[in-house]
Amino acid sequence: MNPVKKLLSETGQTNVKGIYSVCSANRLVLKASFLKAKENNLYALVEATANQVNQYGGYTGMKPKDFIDSCLEIADEVGFEYKNIIFGGDHLGPLVWKNESEDTAMEKAKELVRQFVEAGFTKIHIDTSMHLKSDNANEALSVDTVGRRAALLIEECLKTPAVQDLVFVIGSEVPAPGGDGSLHALKVTLKEDLVKMLSRFQARFEEGGLSDVWPDVAAVVVQPGVEFFDSSVHHYDSGESADLMKTLAEYPPLVFEGHSTDYQSKESLRQMVDDGIRILKVGPALTFHMREALFALSYIENELLPEEERSGFIEVLDNAMRGDPAYWQGYYKGSEREVELMRKFSFFDRSRYYMSDDAVTAAQEKLFENISRSEIPGGLLSQVFPTRSDAFRSGKSVHSAEDLVISRICDCLDDYLYAVIR
């Protein structure tokens, strides 16, 4: 049985009540995820989105097999067993080619899912919820259209030799990857819309000869009223989605998969799991906290080293973002000063798209080297890494710069552990 399906079927008998999914291709985030999973004897579910990784390389430059190979290298580095890694594909569909007609966009989407399955991804989130160029932009995309396209992609997955059994995630009200930022994102899915979606999707499966596959659909994506914005977060309200959760209980063993759960409090995350949102997706929050730690190291560097010896990491990152605004200009609006602050500190964390830039990578390496060769006062470390202050004051040895960054990422992962483990 697929490990995701097995885990979800056992949540009533074990202390593990759900699973969190790390949606990132960043090396430090993945390393932290494997270390945390190893420490707690858990599966590590890691996912690549269609814009990060695809048959053309995505913004990371990696194809699906490249992503898995890179993850296995990191797993080797920390001694995490391959068998405990679950690979998921996120927002697989025509997302990247939404400005093309259905014919060309769906053909590329078929090749996308084919390569993901061939590479060894076994949790497949099919997302066909977006308008394509040939769709009427003035009309809402019908559930029938979303379901028909999803069935075509699932059929393509099943034609492709897989490493093990596949499990699918579907939905027609799917929050945009990386955060939405628009008011409609806060509209909780209506229970009648959930019933309609499941009915229409199941009908499309039957029409496509996929009736036997319906039991392999483990989760549904809806909008439970969870979203983050540039500088604020809409926290989960159990009361707002109570009808939705009761309706889901009529469709066992389906669970909800929660997208855009970044920056939720640990209490909100736990309540989401208790209510039936058993898969929690997190991505931007992890790289946001990684960026926080890198900036903290930069502040230490600025205190201790003369300007000519510094990495200038913060400035190098901002230069890379200003030099190629494609990944952030649609998200950050305002005065020049407001946008400057957003590039550095926004919850959307569009800076994650630039961490693999050659100049940024070189600056990060120099930053780590500078920190490792510096004699850092304990009080200064405590100032910028307050969660580590007890260790500093007790005289324990200071870890490497990379360890400090990973510890900050793990602080975020701890909230998700609190949510899924009882």
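The legends below accompany several close-up views of one predicted model.

In this predicted model, local features need pLDDT of at least 70 and side-chain atom pairs count only at pLDDT 80 or more, whereas totals for chains, interfaces and linings use all residues. Residues are numbered from 1 along each chain as its sequence is written, and side-chain values use heavy atoms, with hydrogens and water left out.

View 1. A search of the whole structure finds one cavity of 30 Å³ or more, and the volume of the largest cavity is about 30 Å³. On a 1 Å grid over the protein atoms alone, a cavity is a set of points where a 1.4 Å probe fits but cannot get out, a pocket is an open set with protein on both sides within 12 Å along at least five of seven lines, and lining residues have an atom within 4 Å of a point. Grid points are joined across faces, edges and corners, and a volume is the space filled by probe spheres set on the points. The largest cavity is lined by Arg-291, Phe-295, Ile-314, Leu-317, Asp-318, Met-321, Arg-343, Lys-344 and Ser-351. At least two lining residues come from each of α9 (284-304), α10 (313-323) and α11 (336-345), and α10 gives the most, with four residues; helices (H or I, at least four residues) and strands (E, at least two) are DSSP runs, numbered from the N terminus. Sorted by class, the lining of the largest cavity has four nonpolar, one polar and four charged residues, where Ala, Val, Leu, Ile, Met, Phe, Trp, Tyr, Cys and Pro count as nonpolar, Asp, Glu, Lys and Arg as charged, and the others, Gly among them, as polar.

**View 2. The second largest pocket.** The second largest pocket holds about 800 Å³ of space. Of the 41 residues that line this pocket, Ser-24, Ala-25, Asn-26, Arg-27 and Arg-352 are the closest to its centre. Two or more lining residues are given by each of α2 (27-39), α3 (64-78), β3 (85-92), β10 (277-282), α9 and α12 (358-372), and the largest share, four residues, comes from α12. By class, the lining of the second largest pocket has 16 nonpolar, 17 polar and eight charged residues.

View 3. A polar atom of the Thr-160 side chain lies 3.0 Å from the backbone oxygen of Glu-156. Leaving aside residues up to four places away in sequence, Thr-160 touches Arg-114, Val-117 and Glu-118, contact meaning heavy atoms within 4.5 Å.

**View 4. Gly-57 in its loop.** Gly-57 lies in the loop between β2 (44-49) and α3 and is buried, with a relative accessible area of 2%. Not counting residues up to four places away in sequence, Gly-57 touches Gln-52, Met-62 and Lys-63.

**View 5. Cys-23 and Cys-71.** The structure holds zero disulfides, a disulfide being a pair of cysteine sulfur atoms within 2.5 Å. The cysteine sulfur closest to that of Cys-23 is in Cys-71, at 12 Å, which is too far for a bond. Cys-23 is buried at a relative accessible area of 13%, and Cys-71 also counts as buried, at 0% relative accessibility.

Conventions. Polar contact = N/O pair within 3.5 Å; in protein donor to acceptor, adjacent residues only side chain to side chain. Buried < 20%, exposed > 50% of the residue type's maximum accessible area, 1.4 Å probe, protein only.
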